[in-house]
Amino acid sequence: MNRLLRISGALLASTLLPGLGLAERVEVDPAIAAYARTSGVSGNLSSVGSDTLNNLMTLWAEGFRRAYPSARIQIEGKGSSTAPPALISGTAQLGPMSRTMKDQEIDRFDKRFGYPPTAVRVAVDALAVYVHKDNPLEQLTLPQVDAIFSKTRNCNHPSPIATWGQSGLAGSWLARPISLYGRNSASGTYGYFKKVALCKGDYLDTVKEQPGSASVVQGITEDRYAMGYSGIGYKTSGVRALSLAAKQGGEYGTTRAADVYAGRYPLSRFLYLYVHKVPGESLEPLVGEFLKFVLSREGQEIVVKDGYLPVSGKIANQEFASLE
């Protein structure tokens, strides 16, 4: 994953703003072409899947409908695990997911149709570990994150971390327990965090499972002693994203675009739209045009607007090729 992100490094430009220090400006790859509107596109489109992508899907839908007013798009974002059954049953043409499909999900689709679903990379996310804005903690290693959120400690940290003092803070924070917020098991973010940050371990029973990304961030905003995880697109002024290192003694990376694209941030991931594409055949026009819009300059500018990172021109071209 990180190797794939490095090819997008040229998309990041930084500038100094008076009084604000270093601020970044993320630009869409000039190699990504503007969307070319066509004729005869109308009908109903349904999207079922990721909560992480819910706002982004809504913004894409609004932009698409400006080009095609007769297109009607319905969006439901209750978690990535709801996407595969919706695609299999035909109740949705688009399956947004914040993780790749599991083998058993692909097998069920293949068993039904005789071929696998098609995955389209549409954006890049830095899955953030958030603390309250007033929390002085700056960084953690993934083994420490595992020791905070997991009961199994598969990442081999020597002991559990239950208080802020054990995470490295002192003073009034020393004895305060860490209040944990996370997603529910229907979420692709839940599964990705479990796989990568917890080394496939088990969550503590004390993690407060939330139905959506926004509610995780809201919980941390209202709880001074909280920590939780959510996509970078849901960051607000009430929380801070910690710098992370993959291992003890490793390089720390931030959620800033430069670190994500360079592969320094260890919880970087692609966001996906899964579709039902018959091998050797074109997608139905409405689905195909929506994906073209998403991977166009206008679509990727919406990605930046929503707080995520755009894919590179090379990746966009690879995805176009897979759809033809």
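These legends describe close-up views of a predicted model.

**View 1. Helix H2 packs against helix H10.** Two packed helices are described by the angle between their axes and the distance between the axes. Here H2 (residues 54-67) and H10 (residues 297-305) pack at about 140 degrees, with axes 10 Å apart. Their crossing is right-handed. Leu56, Leu59 and Trp60 come from H2. They meet Gly299, Ile302 and Val303 of H10. Of these contact residues, five are nonpolar, one is polar and none is charged.

**View 2. Phe64 and Phe290 form an aromatic pair.** The model holds 17 aromatic pairs. In this one, the ring centres lie 5.4 Å apart. The planes stand at 75 degrees, over the 60 needed, so the pair is edge-to-face. Phe64 lies in helix H2 and Phe290 in helix H9 (residues 285-294), so the pair ties together parts 226 residues apart in sequence. Phe64 has 0% relative accessibility, so it counts as buried. Phe290 also has 0% and counts as buried.

**View 3. Tyr203 and Tyr229 are stacked.** Their centres are 6.2 Å apart, with 25 degrees between the planes. Tyr203 sits in the loop between helix H6 (188-196) and strand E9 (208-210). Tyr229 belongs to strand E10 (residues 226-231), 26 residues away in the chain. Both tyrosines are buried.

**View 4. Five residues form one aromatic cluster.** The members are Tyr35, Phe64, Tyr68, Phe290 and Phe293.

**View 5. Charged ends sit over tyrosine rings.** The charged end of Lys208 lies over the ring of Tyr181, 5.0 Å from the ring centre. For Arg269, the ring is that of Tyr192, and the distance to its centre is 5.5 Å.

Notes:
Residues numbered from 1 in each chain as written. Predicted model: local features only at pLDDT ≥ 70, side-chain atom pairs only at ≥ 80, totals over all residues. Heavy atoms only, no water. Axes fitted to C-alpha atoms, helices over the stretch in contact; angles between N-to-C directions. Helix = DSSP H or I, 4+ residues; strand = E, 2+ residues; numbered from the N terminus. Left-handed = near helix turned anticlockwise from the far one by under 90°. Contact = heavy atoms within 4.5 Å. Nonpolar A, V, L, I, M, F, W, Y, C, P; charged D, E, K, R; others polar. Phe/Tyr/Trp six-rings, centres within 6.5 Å; stacked < 30°, edge-to-face > 60°. Buried < 20%, exposed > 50% of the residue type's maximum accessible area, 1.4 Å probe, protein only. Lys NZ or Arg CZ within 6 Å of the ring centre and 35° of its normal.
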